[in-house]
Amino acid sequence: MTEADAVLVQGFGDDHVLDAGRIGIWGGSNWSVARFAEAVAYADPGGKWRFDVTLKHGDTGWEHYADGWRVEAEDGTVLGVRELLHPHETEQPFTRSLSGVAVPAGTARVYIRARCLIDGWSESRLPLGLR
């Protein structure tokens, strides 16, 4: 897939960042909560989706780090989970991908929710429009 195949990219909140046609959020200065910097979705020829999500979090080591993110449907149904298996203290923000996500036909928008080892799943989620 190429950059031309990229879809979405809606953000929310007051801190939008526009970069190469993508919109994401930094989400403020609270480093203890995982924040989105960017999310991009790609459709593959087989009808599955790949999500590239960039997070920013104040990882301090094995005791406190962003340990995952997931793709959700509008109703909260979990479509895919990306586990993050180690801290990224020196790599902020960082991007990880999740491929092979089955998104129900006709879905126009999904949501990305981040997780922190200490704080659990974020209350907020990033809407991601699909075309």
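**Briefing: an all-strand fold and its core**

The protein exposes about 6,700 Å² (Shrake-Rupley method, 1.4 Å probe). Carbon and sulfur atoms supply 50% of that area. This is a predicted model: local features need pLDDT of at least 70, side-chain atom pairs count only at pLDDT 80 or more, and totals for chains, interfaces and linings use all residues. Residues are numbered from 1 along each chain as its sequence is written, and side-chain values use heavy atoms, leaving out hydrogens and water.

**Overall make-up**
- The protein has 10 strands and 0 helices (DSSP runs: E, at least two residues, for strands; H or I, at least four, for helices).
- Of its 131 residues, 44% are buried (under 20% relative accessible area, 1.4 Å probe, protein chains only).
- Among contacts (heavy atoms within 4.5 Å) with a separation of 6 or more, 54% join residues 24 or more positions apart.

**Nonpolar core**
- The largest nonpolar core holds 22 residues (buried Ala, Val, Leu, Ile, Met, Phe, Trp, Tyr and Cys joined through side-chain atoms within 4.5 Å).
- Phe-51, Leu-55, Trp-69, Val-71, Val-103, Val-110 and Ile-112 touch the most other members.
- At least two core residues come from each of S3 (35-43), S4, S5 (66-72), S7 (94-102), S8 (109-116) and S10 (126-129).
- Strand S4 gives the largest share, 4 residues.
- In soluble globular proteins, nonpolar side chains tend to be buried together.

**Thr-54**
- Thr-54 sits in strand S4 (residues 48-56).
- Thr-54 counts as buried because its relative accessibility is 8%.
- Its side chain makes a polar contact with the side chain of Thr-95 (2.4 Å); such a contact is a pair of N or O atoms within 3.5 Å, one able to donate a hydrogen and the other to accept it.

How values were computed:
Buried < 20%, exposed > 50% of the residue type's maximum accessible area, 1.4 Å probe, protein only.
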